[in-house]
Amino acid sequence: MDKTILILDKGTTCTAWNYSGQRLAAGSTDGTIAIYDSTDPASSIFNCTARFKVQESSILKVVWVPPEYGDAVACISADGTLSLWEEVAQDADVLLWKLCICFERNTSQVLDIQFGDSHTCLKLVAAYSDGQVKIYEVLDPLELEKWQLQAEFQNVIDLVSKFGNASCSAASISWNPQRGELQQSSFVLGFTSSVPLLNSSKVWEFDQDHQRWLPVAELALPEDKSDQVFAVAWAPNIGRPYELIAVATQKGIAIWHVGSNPDSNGRLLTEKVAVLSGHDGEVWQMEWDMSGMTLASTGSDGVVKLWQSNLNGVWHEQAILAPSS
Amino acid sequence: MFTKKPKPATAFSTAAGNRFSNKAMPSSTGADRLSSTTPESSTTSFLLRFLHHPNRRHVHFVHTNETSYDAVQDSGKMPGVTSNSGDSSLSIVPHFSDSQTPRIYPLRYHGLIPPLARVSISWARGSTLRVSLIQSDAISEKQPGGEVVEVKLTNMEGGEITEAQWRRIAYGSVTPFALLQSQKNLMDSSHYSKDWWEHVMEYSKEINSLLGNLKSSGNLVIEDPKAVLKKEEEPTSLKAAWELMEIFYADKQSETCIPERLLDWLADYDCLFSQTQPTVHAKLVDFQRELVTLQVVENDPKYWEAMSSALAVGWLDIVVKLLHLHGSYQFDQLGNRETENGLVEAVAVLISKMPRMRPDLPAEKLGECYQTKPEFMKAWEKWRAQITKLDCSAFWLQCDHHQTREGLKNMLQIMLGNTSILSNVTYHWIELFISHFLYIRPFTVGLENMCNLAQKCMHLKPISNHHKLMGLIIGILEENTEVVLAECSRSFGPWMITHALELLTAGSTQAEILLHEEQSKLGGINIEELHRLVYAQVLSSHALTWNIAPIYLTSCMKQGMGLLENLLYRQPVQNHQVLLKSIEICRLNELDIVSSNMMKISGVRNWKHGQKGSAVFWLQQAQDEVRLNRIAKQLFDFVGKSVSDESFKQWEGLIELLGTESKTAGGLKFLNIYRDFRRSLLQVHGGTTSDAAQKAVESLVSLMKNPSTPQRFWLPLLYDSLKLLNWQEHPLLNVSQTHLLLNKLQELSMARLRPDFTNVDLPPEALNSVRLALANNLGRAILEE
């Protein structure tokens, strides 16, 4: 049932699998990224095929760029910089990882990033430690060097409020995984910050007519709005009439149903269908399987938990995977 | 024959410790029944797709423990449970404190030292989870930084069936499944109930044949009496379970002879129960071993015991064969043991004449078949009368051999249906159950009666260790669809439940309603689809089986296509075979957007990796105009460079590939004409042929006419063509053509005054020399015309 498929370098801090699960990028404390590859889809033997230095400081997070834009990774370093690296052929067809762009920044640090909207124009959402959310768009689908800032806002439901001196320590972003031309671009975002209003997870949707991002739902009950958010995860939807989003706070993992049609105020109907007592302490990560029926989570208790709903709509903990030597 | 009305689940709990028994549900609609199910039971029923351990026995172990737990809850006492798990590769630790507590599975790592700094997760294809275990930094130099563990959450591989066999079964069942689905689609609803079962039976037989070929005689054939038991293919629980489903749900023809079919079933599969507890089969195997060493069999009590047991469960051929080993048959004995031999033979004849209510019997089986109940009843009465007559016969007094007399008399009692003797000579409740059908209640029909009988037998022969087949049998007899579903999926895995649902829906209206009902609490999916999706996910976890998953997904009306799209998006398109297969699947299912997306991924990857030709090819296949135009723009950069430029060859091919398809934008059209122009120009420079020059001029004119030719290229184009404009032999351009070019030149001069004009890298006198050449040409052209 369980099988070790690869051994990571010393000092590894984070890992990320590409879309097909054939490549792994692993960042480490010395600022290098190692790429592991499996050539044959049937085998689970992975070899390190590339290593490149990104920064002097440790790498906090690696994210693969959607495959429609080539083999590329974005990485967040401990000093808060965000850079994009791409595998391209140089002369004599030697593949090399080269720096595409190092995003400009002021004093704030990048906390989380996610790519979305890959079918039309690739977008990158970045959440910063000053509470700002920036959305970049790639200008040329064949060149990842050129990006433009499409929007910048704060994670508040009331668009008028502005918080100048917010200080955030973590953020989590998850795009609506639905592909397709008709789908509106949307993502969910939550913060761990000193400003309570910034924290709660909000669903942002791009308003095509007015070319702006609007908050269409807030995934927190009135009494929980200031709760710091550890992680968010938007489930793939293979035919449900509603969307499913998991939000982890210190109160547990909440499962939300989000309706697809907005009301007269432009807000989507939301319903919190479950609160699951998650991990003792912080939730590190949540991931939905490809059917959107099983949620996997990890947290500071060091175990992996699997969650499912039964036919009565009751969510429960299905299994625990506990690492042991 | 047997009605399938919903009925309350009967309490099997005391004997079988059935975990569902305490959730007896009154008859009602499927929805009510479901909602009255506790989360735990529906969890097990429908979503327990997790962690079917490779070793089937292990799953069995969990089951055993859970069952016993519920039995404890029910009865308040601990039944004697023995665990038969010997495998340590995954120790499943069920928590007893709360039935909702999830199971804990260890995730084994090797070179790391706890505590771990971080655990991160990623779903791979299907139901495969990859967990990165990252070591704390403070650990000594030699330690690795962490490791990635792959966990297959649902596993096809089972202890009794190897991975390769599973794949064979998975591939083999695709065609019958697909055929049945298409028949279902063709079936008009009025015909549905009438002869549908025939299709289902055909399907069932095909699937069954994939699960191994057992001879119907089972593995108990004692061919040569002194020879060791014939070794045949080991039957599997999976096949046994499939046949049970077939007997009770699919086979409408033999509804009246279910007891006979069960008898055959037990003959094939009794050995499965021998693994955990005494059975008639085990008894016979033991005796077979001893038989070789025995001189006078009839003196050995085991001889008589073995025969009684075999007779009780209806293995008549074996009994008769064993009877013929009796010493009185030997030639030297015939004289003084005539009566004894006569009695042995009389019993043997009676056994082989036993009336059976079934259409036919395999050649090696004994008994006389009767199709209709009255005929059978008549024969049965007659046969019983003969037995009674023999039992009261005076010949017994003349039989000196004590063991023979007692043994034969005992066998007559079995045939007369003596309850206590039947109970003594059988071991497992299901053996007792079968013996009741044979000798006490040959007319038992209807599941309710069978269920009552089974309950009685279980009470008489409580079992300490549940075989996973028992849960299924109980569920079937109880007519409890949820239990049948739960047992199929939990004990036999996603393959079984997906394929067996066809039998279940064919045989039970109640099941059909339940399975096809939309589950609003689960996004509107129905249970049948849910199981197919789960099975498709299992298939897609493996690189060798993912490509059959679409068959199951496309049979799901509601959510199948969505999952298929997600599955295809995760295919590694850099592998050519996978890409072609995926495109084919998309074509069959009209998923154009998905396939063009995969082609796009492949094109971009090729482009980035320097394989520009295949990049253009795939992007064209994907009709990705945006990227093709970007590529065309990159090619523009070559325009206006010196004709001798080596790079011409390089991009010439690309332009060729880009083609002139009407769908692609104007930029490509320009590049094509430009390429023709460049080619002709090269020829002109090489040798001076008027033909080539004429062609070059034509291309030049059409380039200048074409609105998509960027203005910045006008001057370079004209400058490149100086030689053509100054053609010595005769003017190549006619008057109107020359006017066109002059106009363009004029436009260009005007444009130069605008601020956004981009200056091209040409000698300053370029414009003037072109103007001069054109004026010259015009003059000559007027003269010629």
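This is a predicted model: local features need pLDDT of at least 70, side-chain atom pairs count only at pLDDT 80 or more; totals for chains, interfaces and linings use all residues.
## Aromatic pairs and a cluster

Over all chains, the structure holds 27 aromatic pairs. One of them joins B:Trp265 and B:Phe273, whose rings are 6.3 Å apart from centre to centre with 50° between the planes, an arrangement classed as tilted. In B:Trp380 and B:Trp383 the ring centres are 5.5 Å apart and the planes stand at 40°, so this pair is tilted. B:Trp380 and B:Trp383 are three residues apart in helix α13 (residues 373-391) of chain B, which means that about one helical turn separates them. Both B:Trp380 and B:Trp383 are buried.

In chain A, the residues A:Phe52, A:Trp64, A:Trp85 and A:Trp97 form one aromatic cluster.

## Arginines of chain B over rings of chain A

Two arginines of chain B lie over aromatic rings of chain A. B:Arg130 is placed over the face of A:Trp17, at 4.2 Å from the ring centre, while B:Arg627 has its charged end over the ring of A:Tyr69, 5.0 Å from the centre of that ring.

## A kinked helix in chain B

Helix α20 (residues 481-507) of chain B has 27 residues, yet its end C-alpha atoms are only 11 Å apart, whereas a straight helix would reach 39 Å at 1.5 Å a residue. A kink of about 145° lies in α20(B) at B:Gly493, shortly before the proline B:Pro494. Because 27 of the 27 residues of α20(B) are buried, this helix is largely enclosed by the rest of the structure.

Three residues lie between β3(A) and β4(A), which form a hairpin, and A:Gly31 in the turn has a positive phi of about 85°.

In a regular strand the side chains alternate between the two faces of the sheet. In β4(A), A:Thr32, A:Ala34 and A:Tyr36 are on one side and A:Ile33, A:Ile35 and A:Asp37 are on the other, and with all of these residues buried, both faces are covered.

Conventions
Residues are numbered from 1 along each chain as its sequence is written. Chains are lettered from A and ligands numbered from 1 in the order in which they are written. Side-chain values use heavy atoms; hydrogens and water are left out. Helices (H or I, at least four residues) and strands (E, at least two) are DSSP runs, numbered from the N terminus. The expected span of a helix is 1.5 Å times one less than its number of residues. The bend at a residue is the angle between axes fitted to the seven residues ending there and the seven starting there. Buried means under 20% relative accessible area, exposed over 50%, partly exposed in between (1.4 Å probe, protein chains only). Rings of Phe, Tyr and Trp (its six-membered ring) pair if their centres lie within 6.5 Å; planes under 30 degrees apart count as stacked, over 60 as edge-to-face and the rest as tilted. A charge sits over a ring if NZ of Lys or CZ of Arg is within 6 Å of the ring centre and within 35 degrees of the ring normal. Two strands pair if DSSP finds at least two bridges between them.
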